[in-house]
Amino acid sequence: MLKNKLIVSNWKMNLDFIDTKSLLSKLIKISKKKNQNVINVVCPQNLLIPIANKLLKSSNIILGAQDCHEKESGAYTGNSSIVLLKKLNCKYIIIGHSERRLYNKEENKLIKKKVEIVNRHKLTPILCVGEELEIRKKSDHKNFIIDQLKKCIPKECEKIVVAYEPIWAIGSGLTPSINDIREIHEITVNLLLKKIKSVKFLYGGSVNSKNSKNIISESQIDGLLIGGASIKSEEITKILCQINFD
Ligand code: PGA
């Protein structure tokens, strides 16, 4: 029985206002049917958050954001504050996604500050970790992930969701084996469970309606972080229904 699986949609910089209305109304419809097995979190780009907040008001779908700045306010042109994301009802914040590490040059030190501020505001950080293909080929991935976790998680941290997203799996159609994911889950909980009250573990990278059931059926995996498939209504609907009506 699949229970309380956390399904996080990362819409990235996709969808406009009309697409958002249409996709959210479909998700709301499913959520009304029978939805005890899924915690459904949707993370749109920031400009869509106010409208998504209105549309989701009386639903059980939870809103999240794809990033936040490490400070609450100040002269940081072009950034978004956690204070406002919180006012707009975002409960989860994705932090350290590999695309932000790559295109915005975010490093572990900065990511740690972001995890810190999300915790301080009593929201839940979804910390992304994952190795490049080269690192996996050298079988260095375990050490790499341990190092990322150590460097990105502050001393004071009440809760965290770790999303294991191997960079080579994102948007590529490739996925690691269940055993590979299990291995990363094990090192993650071994490292974190002693010091953090609430730790959840997600898998992300080329998740679709064909492979989601297999991954999510693994009891140690608390859920999925879904990119490309989360903006295709048929795909995300299938993924959610597989879990709900199992
Ligand atoms: P993908 O993206 O599902 O399109 O591979 C996942 C992610 O980047 O979070």
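Mentor: A disulfide is a pair of cysteine sulfur atoms within 2.5 Å. This is a predicted model, in which local features need pLDDT of at least 70, side-chain atom pairs count only at pLDDT 80 or more, and totals for chains, interfaces and linings use all residues. Residues are numbered from 1 along each chain as its sequence is written, and side-chain values use heavy atoms, with hydrogens and water left out.

Trainee: How many disulfides does the structure hold?

Mentor: The structure holds zero disulfides. For Cys43, the closest cysteine sulfur is that of Cys90, 7.7 Å away, which is too far for a bond. Cys68 is likewise in no disulfide, as the nearest cysteine sulfur, in Cys90, is 9.8 Å away.

Trainee: Is Cys43 buried or exposed?

Mentor: Buried means under 20% relative accessible area, exposed over 50%, and partly exposed in between (1.4 Å probe, protein chains only). Cys43 is buried, at 0% relative accessibility, and Cys68 is buried at 1%.

Trainee: How is the packing of two helices described?

Mentor: Two packed helices are described by the angle between their axes and the distance between the axes. Axes are lines fitted to C-alpha atoms, for helices over the stretch in contact, with angles from 0 to 180 degrees between N-to-C directions. Helices are DSSP runs (H or I, at least four residues), numbered from the N terminus. Here the axes of helix 7 (residues 141–152) and helix 8 (residues 178–192) come within 10 Å and cross at roughly 35 degrees.

Technical notes. Helices (H or I, at least four residues) and strands (E, at least two) are DSSP runs, numbered from the N terminus.
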